[in-house]
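The points are grouped by topic for reference.

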Amino acid sequence: MGNKIGTVGIIGLGRMGRCMVKGLIQAGTLKNTEIFFTTKHPETAALVAKELSVKACKNNLELIEKSEIIVVAVKPQNCAEVLEEIGGKITKGKTVVSIVASISTEQIEGKLPKGVAVIRAMPNTPAFVGAGMTAWCAGVSAFEKDWSRAMALFEPLGKVARVDEKHMNAVTGLSGCGPAYIYVVLESLTDAGIKIGLPRELATLLAGQTVLGAASMLLATGRHPAALKDEVTTPAGCTIDGLLELEEGRLRVTLIKAVVQATKRAKALAKQVKV
Ligand SMILES: NC(=O)c1ccc[n+]([C@@H]2O[C@H](COP(=O)([O-])OP(=O)(O)OC[C@H]3O[C@@H](n4cnc5c(N)ncnc54)[C@H](OP(=O)(O)O)[C@@H]3O)[C@@H](O)[C@H]2O)c1
């Protein structure tokens, strides 16, 4: 074992799983040879294996045999079939990490032999560039060695925060889905630049670095966003005119409703999907 995690098997190397793998290889946490994966369809597996130079297993049973840490990264709707297939075969000493939205540690534990460690995590796609946010919680049989094993997988991908499991759906609605909301903001700011005559490349740079800078200020200073906003807003200046438009367009309420709706959807999925 050339790293402190061991071999990692990812069941369902789709959009999120690929961001994790890219981030982990980029960070030097894992070598391509230490990562195994499966997908549902062999043709997807062939494409992913070529794209990431990682090894596809012929099925989920082969994957769990080869891996010390098993990441379940399928859609909630596919979780039952996966747990059904691997559930009885996973041995104690392996760590199961689920990034599946809406499915609780208790539901997963219910399909595994007693005592198998389960960590539930909700990462996000900026893991791809080491700027991800992962919130996580632990199942009843997961202890410190399992947490640190799982965190060795997420810490190189950005920031991590341990949360109570009751918050995981809200995390999904905020940071799990959040990059999509911010891409809409970024697209709109870039379009605004185009509208006022800036070249696209410059508008994209100005929008991207401004969002990155504002977020970095918030996290580095720990100050309230309203105080940081006030610093940009001089009396009878330009910013207050822009802010007035945002208020009229109900940006705040719209963003709040976006997070609330996504959280509701995560909760509804938890009820709909049978595991
Ligand atoms: N996307 C995000 O931003 C994000 C962020 C945080 C968490 N998540 C969570 O991560 C999970 C995956 O999301 P995603 O966006 O990556 O979905 P996705 O792109 O649809 O990927 C799902 C993957 O699961 C595979 N799969 C389905 N059934 C399988 C089975 N029985 N055995 C092995 N592989 C199987 C699919 O294979 P095929 O391609 O062959 O069908 C695909 O590779 C979801 O639970 C989601 O809530 C996603």
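**Overall organisation**

In the protein chain, 69% of the contacts between residues at least 6 apart in sequence join residues at least 24 apart. The model is a predicted one. The protein chain contains twelve helices and eight strands, and buried residues account for 35% of its 275 residues. Along the principal axes, the C-alpha atoms of the protein chain fill a box of roughly 70 × 35 × 35 Å.

**Sheet architecture**

- Eight strands form an open sheet with mixed pairing, in the order S3-S2-S1-S4-S5-S6-S7-S8.
- The edges of this sheet are strand S3 (55-56) and S8, each of which pairs on one side only.
- Strands of a sheet pair through backbone hydrogen bonds, in either a parallel or an antiparallel sense.

**Strands S1, S2 and S3**

- Strand S1 (residues 8-11) pairs with S2 in the parallel sense over four bridges; within this pairing, Val8 has Ile35 of S2 as its bridge partner.
- S2 also pairs with S3, again in the parallel sense, over two bridges, and Phe36 has Lys55 of S3 as its bridge partner.
- The chain passes from S2 through H2 to S3 in a right-handed β-α-β crossover.
- A right-handed β-α-β unit is likewise made by S1, H1 and S2.
- In a regular strand, side chains alternate between the two faces of the sheet.
- In S2, Ile35 and Phe37 point one way while Phe36 and Thr38 point the other way, and all are buried.

- Strand S7 (residues 132-138) is largely enclosed by the rest of the structure, because six of its seven residues are buried.
- Strand S6 (residues 117-122) pairs with S7 in the antiparallel sense over four bridges. In this pairing, Met122 stands opposite Ala135, and Ala121 has Trp136 as its bridge partner.
- S7 and strand S8 (residues 158-162) run parallel and are joined by five bridges; here Trp136 stands opposite Arg162 of S8.
- S7, helix H6 (residues 144-154) and S8 make a right-handed β-α-β unit.

**Nonpolar core**

- The largest nonpolar core has 61 residues, and those with the most contacts inside it are Val71, Val72 and Val96.
- Leaving aside residues up to four places away in sequence, Val96 touches Ile70, Val72, Ile90, Ile108, Leu112, Val116, Ala117 and Val118.
- In soluble globular proteins, nonpolar side chains tend to be buried together.

**His41**

- Is His41 buried or exposed? His41 counts as exposed because 8 C-beta neighbours lie inside 10 Å, the cut-off for this class being 12 or fewer.
- His41 and Gly12 are 29 residues apart in sequence, and their C-alpha atoms are 9.9 Å apart in space.

Key: Residues are numbered from 1 along each chain as its sequence is written. This is a predicted model: local features need pLDDT of at least 70, side-chain atom pairs count only at pLDDT 80 or more; totals for chains, interfaces and linings use all residues. A residue is buried if 20 or more other C-beta atoms lie within 10 Å of its own, exposed if 12 or fewer, and partly exposed in between; C-beta atoms are placed from the backbone. Two strands pair if DSSP finds at least two bridges between them. A crossover is right-handed if, with the strands pointing away from the viewer, the path from the first strand over the helix to the second runs clockwise. A nonpolar core is a set of buried Ala, Val, Leu, Ile, Met, Phe, Trp, Tyr and Cys residues joined through C-beta atoms within 7 Å. Two residues are in contact if their C-beta atoms, placed from the backbone, lie within 7 Å.
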